[in-house]
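Student: I have a new structure open and want to learn how to read it. Can we go through it feature by feature?

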Amino acid sequence: MRLLIAGGGTGGHLFPALAVARAFRAEEPAGAVLLVGRAGGPEERLVPAAGFDLETVRIRGLDRDALWKNVVLPALVPAGLWTGLRILDRFRPDVVLGMGGYVMAPAVWAARVRGVPYVLHEKDVRPGLATRLFAARAAAVCTTLPGTERRLRTKKAVLTGVPLRDGFDRRTPRVPPKTLLVAGGSQGARRLNQAVWGALDGLLQRFAKVAHVAGEQGGDEAERRRRPGYEPVAFTGDMAGLMAEADLIVCRAGVGTLAELTAVGLPAVLVPGTFGGGHQLENAKAVAGVGAAVVLPDPELGPESLLATLDGLNGPRLRSMAKASAALGRRDAARRVLAVVREAAA
């Protein structure tokens, strides 16, 4: 089989695309796989380093938070679409997998124009614009969280989860929790950092260790506050290692992080970001709805509310949350997605 995987631009799309590519190569060593990403994106470095071929397209998505940035789209989009068509014609795939986001649009559009079957993967509960545009004629849409399927016009929706990097292994968190992990993403989360620092004395009274991924904007300040029991880092490439030691996590509600913590089976306090049209709030509600997390809205976040929320999680509640988290996790998501792709190509 010849598989074209379109998706990149951010870790939330790129790492799952690479996970599917690795699973494909392991299962079909004689097959051919090509990744299509964004020119100038991290995929230009990470995809070749992972041993896969890459083609890039100059494209950008609709910015809902700064509308003035969209003035260049009328020039970029048509050129990007035609580049996608040229890439498809050269590679001649049997099937195209779009991993979500605007980066997949040129390759998926080209597949539709040429009559090549395509499958989409949507990570958020609220489907993105590109997914909504292409879902109706997709062979299938792979989803991550319950509720996405009700928002799509599609022939077939399959709950697969998010394909993950290696290392996110299932474990049973300790109760009462000894290690708290706080993660605001690679760029950090200013309000979350400030709440942690304001509550740090109380956190260290409650936990033997507080591991804190403070992000680039908070790294220097976090390092100045380092003390016994408080272990901050600006950025880590080993989130799996941190989750392997954590018993409870406080984090944003990006779907990549949600997929990782549920694969491990961690209970979570989710502080969804308010950017991007508020899609993280819907992700957080979906996870909390099955009992795997509690939601602390960003406008209500502060040192006192953080400590109060943590104090409200007694032993039975934490065990129930961990069980629900593990039930929601999909560690075999890459293989699940590949099974849907093979069916579409058949």
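**Reading the model, feature by feature**

Tutor: Start with the cysteines: the count of disulfides is 0. A disulfide here is a pair of cysteine sulfur atoms within 2.5 Å.

Student: Before we go on, what kind of model is this?

Tutor: It is a predicted model, where local features need pLDDT of at least 70 and side-chain atom pairs count only at pLDDT 80 or more, while totals for chains, interfaces and linings use all residues. Residues are numbered from 1 along each chain as its sequence is written, and side-chain values use heavy atoms, with hydrogens and water left out.

Student: Is Cys 142 buried or exposed?

Tutor: First the scale. Buried means under 20% relative accessible area, exposed means over 50%, and partly exposed lies in between, with a 1.4 Å probe and protein chains only. Cys 142 has 0% relative accessibility, so it counts as buried. Cys 251 is buried too, because its relative accessible area is 0%.

Student: How do I find empty space inside a protein?

Tutor: Rolling a probe the size of a water molecule over the atoms shows where empty space is left. The work is done on a 1 Å grid over the protein atoms alone. A cavity is a set of points where a 1.4 Å probe fits but cannot get out. A pocket is an open set with protein on both sides within 12 Å along at least five of seven lines. Lining residues have an atom within 4 Å of a point. Grid points are joined across faces, edges and corners, and a volume is the space filled by probe spheres set on the points.

Student: How many cavities of 30 Å³ or more are there?

Tutor: There are 2. The largest cavity has a volume of about 110 Å³. Its lining has 13 residues, and Thr 144, Leu 258, Ala 259, Thr 262 and Leu 328 lie nearest its centre. Helix α10, residues 255-264, gives the most to that lining, with 4 residues. Helices (H or I, at least four residues) and strands (E, at least two) are DSSP runs, numbered from the N terminus.

Student: Which classes of residue line the largest cavity?

Tutor: Ala, Val, Leu, Ile, Met, Phe, Trp, Tyr, Cys and Pro count as nonpolar, Asp, Glu, Lys and Arg as charged, and the others, Gly among them, as polar. The largest cavity is lined by 8 nonpolar, 4 polar and 1 charged residues.

Student: And the second largest cavity?

Tutor: The second largest cavity holds about 30 Å³ of space. Pro 173, Arg 174, Val 175 and Pro 177 are among its lining residues. By class, the lining has 7 nonpolar, no polar and 2 charged residues.

Student: What about the peptide bond from Val 175 to Pro 176?

Tutor: That bond is cis, with omega near 0°. Pro 176 sits in the loop between β7 and β8 (179-183).

Student: Now the open spaces. What is the volume of the second largest pocket?

Tutor: About 330 Å³. Its lining has 17 residues, and Leu 164, Asp 166, Arg 331, Ala 334 and Arg 335 lie nearest the centre. The largest share, 5 residues, comes from α1. The classes are 8 nonpolar, 1 polar and 8 charged.

Student: Where is Glu 28?

Tutor: Glu 28 lies in the loop between α1 and β2 (32-38). Its relative accessibility is 18%, so Glu 28 counts as buried. Its side chain reaches the backbone nitrogen of Met 1 at 3.4 Å. Contact means heavy atoms within 4.5 Å. Beyond neighbours within four places in sequence, Glu 28 is in contact with Met 1 and Arg 342.

Student: Which residues does Leu 145 touch?

Tutor: Leu 145 is in the loop between β6 (140-143) and β7 (157-159). It is buried, because its relative accessibility is 4%. Not counting residues up to four places away in sequence, its contacts include Leu 258, Asn 283, Val 287 and Leu 328.

Student: Which residues of helix α11 are buried?

Tutor: In α11 (residues 279-289), the buried ones include Asn 283, Ala 286 and Val 287. Their cover includes α10, β12 (268-270), β13 (293-295) and α13 (315-328).

Student: One last residue. Is Arg 92 buried or exposed?

Tutor: Arg 92 has 64% relative accessibility, so it counts as exposed. Its phi is positive, about 55°, although Arg 92 is not a glycine.

Definitions and conventions:
A polar contact is a pair of N or O atoms within 3.5 Å; within protein, one must be able to donate a hydrogen and the other to accept it, and residues adjacent in sequence count only if both atoms are side-chain atoms.
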